[in-house]
Amino acid sequence: MFENLSLLGLQQYWWAIVSLLGALLVFLLFVQGGQTLIYTVAKNESERKVIVNLLGRKWELTFTTLVTFGGAFFASFPLFYSTSFGGAYWVWMAILFAFIVQAVSYEYRTKANNFLGQKTFEIFLVVNGILAPVLLGAAVSTFFTGSMFSVNLENIVLTNPNSLTISSWETPFHGLEAVWTIKNLAFLQNISLGLAVFFLSRVLAVQYFQHQIDNEAIQSRLKKQLSINAILLLVFFLFWFIRLLFLDGFAVNAETKEVFMEANKYFNNLIQMPVVLIIILLGVVGVLWGLFLNLFKKSMNGIFFTGAGTVLTVFGLFLIAGYNNTSFYPSTFDLQSSLTIENASSSKYTLTAMSYVSLLVPFVLAYIVYVWNKMDASKISETELMQDSHTY
Amino acid sequence: MESIDWSLINWSRGQFALTAIYHWLFVPLTLGITFIIAIMETIYVKTQDSKWKEITRFWMTLFAINFVIGAATGIIMEFEFGTNWSNYSWFVGDIFGAPLAIEGIMAFFMESTFIVIMIFGWNKVNQKFHLLSTWLVAIGSNLSALWILVANGWMQNPAGMKFNPETMRNEMISFWEVLFNPVAVNKFIHTIMSSYIVAAVFVAGISAWYLLKNRDIIMAKRSIIVASIFGLAASFATILTGDESARAVAKYQPMKLAAMEGLYQGSQNAPLVAIGLFGKPDPEFLNKEEFAMKIEIPNALSYLAFLNPNAFVPGVADLVHGNEKHNIPSYQERIDKGKISIDALAAFKKAKKEGNEAEVQKQLKLFEDNFEHFGYGYYFGKDPHMLVPNVKLSFYSFHIMVILGGFFILLFSLLVYFMYKNKLPKMKWLLWTAVWTIPLAWLASEAGWLVAEVGRQPWVIQDLMPNLAAVSRLDASVVQTTFFLFMAIFTVLLIAEIRIMLSKIKEGSQH
């Protein structure tokens, strides 16, 4: 089946898979958003227990999606793995540290003799809740604004061992410079997307809480939080998105594979790929409709629309970063080092083999949805937690 | 040689070793205890004896405490291939990335989805679905071990691939050869079986403590029965696969075998050193053995390695200096041929750019003829002894692992026997032995990985890529910083984990 696809077809298929995983990851960052709200929407230990236990049954999905996103990127576009992870070292390390402290915090938070105390593990949750969306958002923004690196595959045959590295980061800050790069005001763009993803994660969390928590006091605080975070989300996202449409983008000459700057490249991508335009529009409308439902109607079902809208929007944004002869990981240091889905991908054989593995994804999604429904069939309350022997 | 940044390479190795060692403190327990819990829950569902449910839930609580820190340390491992070994990520990413992605799609999601039902779903789903979830967590965690060990096995014995000079990397040509790589298959079974032993020792040891304290008696007795039988079965499987692994090492990584056995001078009818202690370092390195004392089993190493007591087993000196009689090239010869291969690849690329097709073909042939020595070429102009791993560490790790493996069989056998005779609660010495064996199980498990990883140094991919060619170009101080950050955070979390675990054990099953 997949053998009949061309190499480019497989590369596009895998870019779609990676984009989908990235989109699902952004949606699942609602766990992180929720972690930043544990002192805001919960005012006592009993309320906090409700919030933490609700999130604690979902954190592993976000964690696993991040790991799978990384694995899928490695398998399909290893040159990105090599270049970005080895180069933007500090950014990825900061993200990893944020996830290390999160992984233990739910389980250890209220356990006796936990060494660091409950408060510390809660701070770990808040730290993860802030760092993960902000850093991931800023890192994804560099897919559009570029980074300072160079790639030379032939370095592997050099005789000087210190020059063997094929991908080199060309600043000593290893990725941190993304938040202060003045050229083309890249820092504004990167910080904006980081903050947009941060407030999006909080919006999603608030709406998920509204749907799942049976507690009036918490519910009343959630409504206020939704308004504040929704406004901030829209401000930062719209700034980032509208500016993106007017940016010079990193285009690839289809014939020569040369990378060059094209005015309004990402706007052009939307126009030239109407399906992607529709996906993004549907996504944005979905998010807005979800917000409208919970803010102005009595419905608590906004999460379904905001969640689906988030997945569609992020999916579409990844597609305009990689499709239509665009460099998905551009280099501002050396344009010709920029990574594209063609020059960074695995071989045809590997992509074909992995494509068969990707057929498992619908089954995986199906059992996740099934289990999710089982666990979330009823709302969570303090009473339920008192009856449960294993709580966080 | 002065130009190599050994500080960067060694700190990068150190960081990977540190994270791997910490990660492996938690993984074997997860791999084994999930099956022990699944067996216990199956008995509960079959018998409807609520005591079995209580037992299941107790061990599940300890599992959960361990599981999360395994996840915390595991995420680092995957990303470190990119952050610290970026050349490696491109050079073999076409092959190595696939198992990691499959691990995520096939195993991690299964594990992370059904663990929620397993831990929190007792009142939300019916008994059978809960039981199924518990089994799926056990299968999921072991499936993740399969894929990561396929990846590791491939590093030890690269199979199913071909170097593509156009893309300057190795590319997969047979997924099945990668999956069914004999090293990977053995490694997977040996690793999970030995992990089952760790979990069995853990369960049996804690249960023994309850018997000594004369509390939670029913839980302790039942747990010891399940754990000891499980551990005994796993021990025999570990021996069988260990035996197979030794032959695979002899075939694909002879230097590792020589290091494991402290064999400097090869011989026919090679004896196996059952117990040995190294003496002072030999000033005439490689020319004579370094043992201060040793107890040998005649012919056993030849038999173990080649199923033939008369077979020749090469020692470190044979591999470094070569052995004409046994057709073993010296490392210097291999370095020279590797250099030819690397230079031919560079010349191939140059000729390709110039459009000189005749030269392209000539260089390609030269490259391919010498490709099996490719990685050695990076040591051109350097001392071939740099290709010898740390013999003492390999030797001691190997022997600690084997000796403890034998001890575990004895322990499980005694536990089963005295339990069968209904005398175990009175056998205080045996119960204390079981308690104090818990850390030894971890020691054996970590020692196993030390053998596997130290013994193959300096190869990141056997014979193809040494660590000096695989490392990311960072300042050594950057890696030092993250090394100490990892060390600090993992140590703190480990202390927290142990304290919480001890607290829960003291509480027992009634809480």
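Reply: Asp369(B) has a relative accessibility of 46% in this predicted model, so Asp369(B) counts as partly exposed (buried is under 20% relative accessible area, exposed over 50%, partly exposed in between, with a 1.4 Å probe and protein chains only). Helices (H or I, at least four residues) and strands (E, at least two) are DSSP runs, numbered from the N terminus.

Residues are numbered from 1 along each chain as its sequence is written, and chains are lettered from A and ligands numbered from 1 in the order in which they are written. Local features need pLDDT of at least 70 and side-chain atom pairs count only at pLDDT 80 or more, while totals for chains, interfaces and linings use all residues; side-chain values use heavy atoms, leaving out hydrogens and water.

α13(B) is among the elements that cover the buried residues of α12(B), along with β1, α9 and α11 of chain B. The buried residues of α12(B) include Tyr331(B), Arg334(B), Ile335(B), Phe348(B) and Ala351(B). With 24 residues, α12(B) should span 34 Å, and its end C-alpha atoms are 34 Å apart, which agrees; the expected span is 1.5 Å times one less than the number of residues. Just after this helix, Gly355(B) takes a positive phi of about 75 degrees.

Arg334(B) pairs with Asp463(B) in a salt bridge (3.7 Å, N to O). Arg334(B) lies in α12 and Asp463(B) in the loop between β7 and β8 of chain B, so the pair ties together parts that are 129 residues apart in sequence. Both partners are buried: Arg334(B) at 14% relative accessible area and Asp463(B) at 16%.

Over all chains the structure holds 25 salt bridges. In chain A, Arg57(A) pairs with Glu384(A), with the closest N and O atoms 3.6 Å apart. Arg57(A) is in the loop between α3 and α4 of chain A and Glu384(A) in helix α15, 327 residues apart. Arg57(A) is buried at 8%, and Glu384(A) is buried at 17%.

Glu384(A) also meets Lys124(B) in a salt bridge (3.5 Å, N to O). The count between chain B and chain A is two salt bridges. Between the two chains, 92 residues of chain B are in contact with 79 residues of chain A, where contact means heavy atoms within 4.5 Å. Together the chains bury about 7,800 Å², 73% of it on carbon and sulfur atoms; buried area is the accessible area (1.4 Å probe) that two parts lose on being put together, summed over both.

Elements giving two or more residues to chain B's side include α2, α4, α12 and α17 of chain B. α4(B) gives the most, with 22 residues.

Conventions: A salt bridge is a side-chain nitrogen of Lys or Arg within 4 Å of a carboxyl oxygen of Asp or Glu.
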